[in-house]
Amino acid sequence: MNPDDAGRAAAGRLVDAEPLPGQLLLPGMPSESAAGTAEPDTLPGLELPGLELPAGLPAGDGRPTADDELAAVAAELRGLDRDGSRMAAAIRGALDMLLDGQHTGRYRWEQLHKTEKTHAGTLVEIALARVLRLADGTTLDYTIAGADVDCKFSQRLGGWMIPPEADGKLLLLVQASDEDGSWSAGLIRASEENLSPAGNRDHKRALNERGRTAVHWLHRRAPLQENALIRLPEREVAAIFARSSGQQRVNELFRRAQRMRVSRTVVATVAMQDDYMKRVRDGGGARDQLRGEGIVIFGDYAGDQLLAAALGLVRPGAGEFVSARLARRARVLARAGGGAAGTHDGEVSRYDRCIRLDGTDWVLAGPADPFEAAPNLPR
């Protein structure tokens, strides 16, 4: 079937969605082109709070103030990455590099050694500097809008530790958690009223209660690219890794993670091979080996995205896959007695969401639907 046929098959069913932020092709640090350059309207929940001057400050005296400086840094960061896609890609890449799943099989923060966790902040700092093209600071990490800014990373909100050399300076606070599937970034000045009075043996201090509420969020709890291995139940993950070869593990991944976004990094973690992408592709990979079970694997091709969306599946973004088992619509309807039983007025059932491949209408298979070979996806 050609792409025009795919488009007609999805007509009336597809709600057009913007592509997801670009993801990295390989586990590791993102390149400057890891995220798109488009600047869509601000997404809900990502609006920058208003930054106000302190009460009593005379306006128009021509002298920059602390809040003027913070506002200028916030404006520049927003201009560099309006929707946060560049920062999200940088953070995802830094975490993936730290886990190094392709060589270690690790996919959770808890699987890291203590010394590796302390290195996370450095990787995030470098990754952000690379994708946003931030200049080195004079005494701190970056120079942004003419101000020295220190970057601090924590796996949990509020867990940042501020060194003495950052006292009184601007901080870019970054947090990300695969468990929560979210990341955050905000600005604050490391002033005495925002820091706890006591520090650790390295004289680093945490934000106090006032400081935690004073963060000016650029992005708060924004979605982090999903890690399918964390979303799956532990018994399913154990079954995947129990397979003896990289190809068998990748096959098992797409059997058990159906209807979920699976990133290339997850494929690399499961395969633990240099040629991990070969384990997915046609020509002997999972696409060929699972077709007999009725399972198709949609990728980031435009046609695949259209077909997946027409079936009501999540849309695979750049470097992602979504697998699903299909069944012939005619056979499913025959088993259901010839109609979409059990649906309500205005409800779109799985019988209605179908795609035409090789001259046959296909729907998402249910648990009771018989297994049959799936068709090839058009290329």
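**Exercise 1. State how many helices and strands the protein chain has, and how much of the chain is buried.**

*Solution.* The secondary structure of the protein chain comprises 13 helices and 11 strands. Here helices (H or I, at least four residues) and strands (E, at least two) are DSSP runs, numbered from the N terminus. The model is predicted: local features need pLDDT of at least 70, side-chain atom pairs count only at pLDDT 80 or more, and totals for chains, interfaces and linings use all residues. Residues are numbered from 1 along each chain as its sequence is written, and side-chain values use heavy atoms, with hydrogens and water left out.

The next step concerns burial. Of the 379 residues of the protein chain, 49% count as buried. Buried means under 20% relative accessible area, exposed over 50%, and partly exposed in between (1.4 Å probe, protein chains only).

**Exercise 2. Describe the span and burial of helix H3, and the residue just after H3.**

*Solution.* Helix H3 covers residues 85–99, which is 15 residues. From its first C-alpha to its last, H3 reaches 21 Å, close to the 21 Å expected at 1.5 Å a residue; the expected span is 1.5 Å times one less than the number of residues. H3 is mostly covered, with 14 of its 15 residues buried.

Just after H3 comes Asp100, with a positive phi of about 50 degrees. Most residues other than glycine have a negative phi. Asp100 belongs to the loop between H3 and helix H4 (101–104). Its relative accessibility is 29%, so Asp100 counts as partly exposed.

**Exercise 3. Determine how helix H8 is oriented to H9, and which residues meet.**

*Solution.* The axes of helix H8 (residues 234–241) and H9 come within 8 Å and cross at roughly 155 degrees. H8 is therefore roughly antiparallel to H9. Axes are lines fitted to C-alpha atoms, for helices over the stretch in contact, and angles run from 0 to 180 degrees between N-to-C directions. Angles under 35 degrees count as roughly parallel, over 145 as roughly antiparallel, 65 to 115 as roughly perpendicular and the rest as oblique.

On the H8 side, Glu236, Ala239, Ile240 and Phe241 meet Arg249, Glu252, Leu253 and Arg256 of H9; contact means heavy atoms within 4.5 Å. By class, this contact of H8 with H9 has 4 nonpolar, no polar and 4 charged residues. Ala, Val, Leu, Ile, Met, Phe, Trp, Tyr, Cys and Pro count as nonpolar, Asp, Glu, Lys and Arg as charged, and the others, Gly among them, as polar.

**Exercise 4. Determine how H9 is oriented to helix H10, and which residues meet.**

*Solution.* The axes of H9 (residues 246–256) and H10 (residues 264–271) come within 8 Å, crossing at roughly 135 degrees. H9 and H10 are therefore oblique to each other.

The contact joins Gly246, Arg249, Val250, Leu253 and Phe254 in H9 with Val266, Val267, Val270 and Ala271 in H10. These residues of the contact of H9 with H10 divide into 7 nonpolar, 1 polar and 1 charged.
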